[in-house]
Amino acid sequence: MRQYIVAGNWKMNKSLEDGLKLASEVINIANDEVKSNVNIVLCPPFTHLTSVKKLIGDSKNIFLGAQNVSNKKSGAYTGEISVEMLKSVGVDYVIIGHSERREYFNESNEMLAEKTNLVLEAGMVPIFCMGETLAQREQGIHIDFVKSQITDSLFHLVDTEFRKVVLAYEPIWAIGTGVTASSEQAQEMHLMIRNHIASKYGQATADAITIQYGGSCKASNAVELFDCPDIDGGLIGGAALVAREFVEVVKAAK
Ligand code: PEP
């Protein structure tokens, strides 16, 4: 059975004090109320990782995630954070290729392949993001575009490494806009992604991969989205900034 995973991407929000308040609320409510074995991943800014890790402690099914990592191993790269650094503070998951990083920081498919390799080598789990613009969807090239993002950044991996990757389909037009993909649109793309994986690695691998949905997912629409057969949880932005809302999204993933 595939692992359900709901990750909260805080982006560049929350002071340390506010972030710790949010993390402890999520952890407390989740420890009390979340009975299913969905993995919860908290992805605060880099500056908060160590402190959030301490709060997580040995909470069952709650993990620490980073929002980004350098594609360089170490050295003279001012301002960058390496996989080794993330590993040393207890990071379990690393978001790679979020559309905001692709768009504002010019992250290419090639660079994202390098990041994925480094994260896997360090023994952490990449959450690899992909998704189309509205213009691409309107032109009918959205499915081929998403497939090419996967092919170009991930299909060099051998099967055993590919199986460790979590995918997150995030249509750019749905991120932070309040407009979510319909469950039909999301399911269609998730199935295409799974079929694309099957064409390279076989059906057993495709069936084992967690594919999250992201894009204005919140408590009120999560149940419908997560009920789709090929949607295995979510990557959550805005709704992850309010503890009660986020935990309700987690509870929708069963
Ligand atoms: C995201 O940034 O990954 C995201 C899905 O954001 P939001 O939930 O706010 O659309």
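**Exercise 1. The ligand site**

Which backbone N or O atom lies 2.7 Å from an oxygen atom of the ligand?

Solution. The model is predicted, so local features need pLDDT of at least 70 and side-chain atom pairs count only at pLDDT 80 or more, while totals for chains, interfaces and linings use all residues. Residues are numbered from 1 along each chain as its sequence is written, and side-chain values use heavy atoms, with hydrogens and water left out.

Step 1. List the surroundings. The ligand is surrounded by 14 residues, of which the closest are Lys-11, His-98, Glu-170, Gly-176 and Ser-216; a residue is near a molecule or strand if one of its heavy atoms lies within 4 Å of it.

Step 2. Look at the polar atoms. The atom asked for belongs to Ser-216: a backbone N or O atom of this residue is 2.7 Å from a ligand oxygen atom. A polar side-chain atom of Lys-11 lies 2.5 Å from an oxygen atom of the ligand, and for a polar side-chain atom of His-98 the distance is 2.7 Å. A polar contact is a pair of N or O atoms within 3.5 Å; within protein, one must be able to donate a hydrogen and the other to accept it, and residues adjacent in sequence count only if both atoms are side-chain atoms.

Step 3. Consider the cover. On its own the ligand has 290 Å² of accessible area, and the protein covers 95% of it. Accessible areas come from the Shrake-Rupley method with a 1.4 Å probe; for residues, only the protein chains shown count as cover.

**Exercise 2. Two residues with positive phi**

Describe Ser-216 and Asn-106, and state for each whether the residue is buried or exposed.

Solution. Step 1. Ser-216 is not a glycine, yet its phi is positive, at about 55 degrees. This residue lies in the loop between E7 and H11. Helices (H or I, at least four residues) and strands (E, at least two) are DSSP runs, numbered from the N terminus.

Step 1. Asn-106, also a residue other than glycine, has a positive phi near 50 degrees. Asn-106 is in the loop between helix H4 (99-104) and helix H5 (109-121).

Step 2. Apply the cut-offs: buried means under 20% relative accessible area, exposed over 50%, and partly exposed in between (1.4 Å probe, protein chains only). Ser-216 has 17% relative accessibility and therefore counts as buried. Asn-106 has a relative accessible area of 63%, so Asn-106 is exposed.

**Exercise 3. A buried aspartate**

Which side chain does a polar contact of 3.0 Å join to that of Asp-232?

Solution. Step 1. Asp-232 is located in the loop between H11 and E8, and Asp-232 counts as buried at 1% relative accessibility.

Step 1. The partner is the side chain of Arg-2. Not counting residues up to four places away in sequence, Asp-232 also touches others, among them Tyr-4, Arg-194 and Ile-211.

**Exercise 4. The nonpolar cores**

Which members of the largest nonpolar core touch the most other members?

Solution. Step 1. A nonpolar core is a set of buried Ala, Val, Leu, Ile, Met, Phe, Trp, Tyr and Cys residues joined through side-chain atoms within 4.5 Å.

Step 1. The largest core has 71 residues, and Leu-42, Leu-167, Ile-193 and Phe-226 touch the most other members. A second, separate core has 11 residues, including Tyr-93 and Leu-235.

Definitions and conventions: Contact means heavy atoms within 4.5 Å.
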